[in-house]
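The following note sets out, point by point, what the coordinates of this model show. Please read it alongside the sequence and the structure.

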Amino acid sequence: MSTINQQVLKEDEKTYKVNQHLPTGFCFYVVCADKSIKYEPVIFRASNEEEQKQVIPKMIKKLKNIGFELSKKCQQHKDISLMKITDEQRFYHNTCNICHICDGEIDNEKKVMDHCHLTGQY
């Protein structure tokens, strides 16, 4: 199975491709800040030219599937009424008027409860 295809030169082009690399496989590993979410490494290696044509579409499909799974997990803690927050954290949020990210003044009308959508932690 060849992984490099020779390109045909065209007379009217000033720049041309000498070769085209065709991927024969892929590997990726998803790492999440939430240690309870774990994925095994994803490894694929084409064993023939027909599979080689599907390397990139197969990788994109696997990445999208994991993305959809993570997106669903993020939705489970979207509702702030279910947020995991201590009384001390709630007091700090209610009384704080300086943003912990930019040190700018907080408009109480636009104040948000920044929290992790994976764990529900404030």
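1. His93 touches Lys111, Val112, Met113 and Tyr122, leaving aside residues up to four places away in sequence; contact here means heavy atoms within 4.5 Å. His93 belongs to helix H3, residues 87-95. Helices (H or I, at least four residues) and strands (E, at least two) are DSSP runs, numbered from the N terminus. The relative accessibility of His93 is 10%, so the residue counts as buried. Buried means under 20% relative accessible area, exposed over 50%, and partly exposed in between, with a 1.4 Å probe and protein chains only.

2. On the basis of the note: this is a predicted model, in which local features need pLDDT of at least 70 and side-chain atom pairs count only at pLDDT 80 or more, while totals for chains, interfaces and linings use all residues. Residues are numbered from 1 along each chain as its sequence is written, and side-chain values use heavy atoms, with hydrogens and water left out.

3. The protein chain contains three helices and four strands, and their order along the sequence is β-β-β-β-α-α-α. Of its 122 residues, 19% count as buried. Among contacts between residues at least 6 apart in sequence, 50% join residues at least 24 apart. The chain exposes about 10200 Å², of which carbon and sulfur atoms supply 53%; accessible areas come from the Shrake-Rupley method with a 1.4 Å probe, and for residues only the protein chains shown count as cover.

4. Which residues make up the largest nonpolar core? This core has 12 residues: Phe26, Phe28, Val30, Cys32, Ile37, Tyr39, Val42, Phe44, Ala46, Val55, Ile66 and Leu118. A nonpolar core is a set of buried Ala, Val, Leu, Ile, Met, Phe, Trp, Tyr and Cys residues joined through side-chain atoms within 4.5 Å. At least two residues of this core come from each of strand S3 (25-28), strand S4 (42-45) and helix H2 (55-75). Val30, a core member, touches Tyr39, Ile66 and Leu70, again not counting residues up to four places away in sequence.

5. Strands S3 and S4 pair in the antiparallel sense over four bridges; two strands pair if DSSP finds at least two bridges between them. Gly25 has Arg45 in S4 as its bridge partner. In a regular strand the side chains alternate between the two faces of the sheet. S3 has a covered face, with Phe26 and Phe28, and an uncovered one, with Gly25 and Cys27.

6. The structure holds two aromatic pairs. Phe26 and Phe28 are stacked, at 6.1 Å centre to centre and 15° between the planes. The rings of Phe26 and Phe44 have centres 5.7 Å apart and planes at 35°, so this pair is tilted. Rings of Phe, Tyr and Trp (its six-membered ring) pair if their centres lie within 6.5 Å; planes under 30 degrees apart count as stacked, over 60 as edge-to-face and the rest as tilted. Ring pairs link Phe26, Phe28 and Phe44 into a cluster. Phe26 is buried at 8% relative accessibility, and Phe28 is buried at 13%.

7. On the cysteines: a search of the whole structure finds zero disulfides, a disulfide being a pair of cysteine sulfur atoms within 2.5 Å. Cys27 has a relative accessible area of 54% and is therefore exposed, whereas Cys32 counts as buried at 15% relative accessibility.
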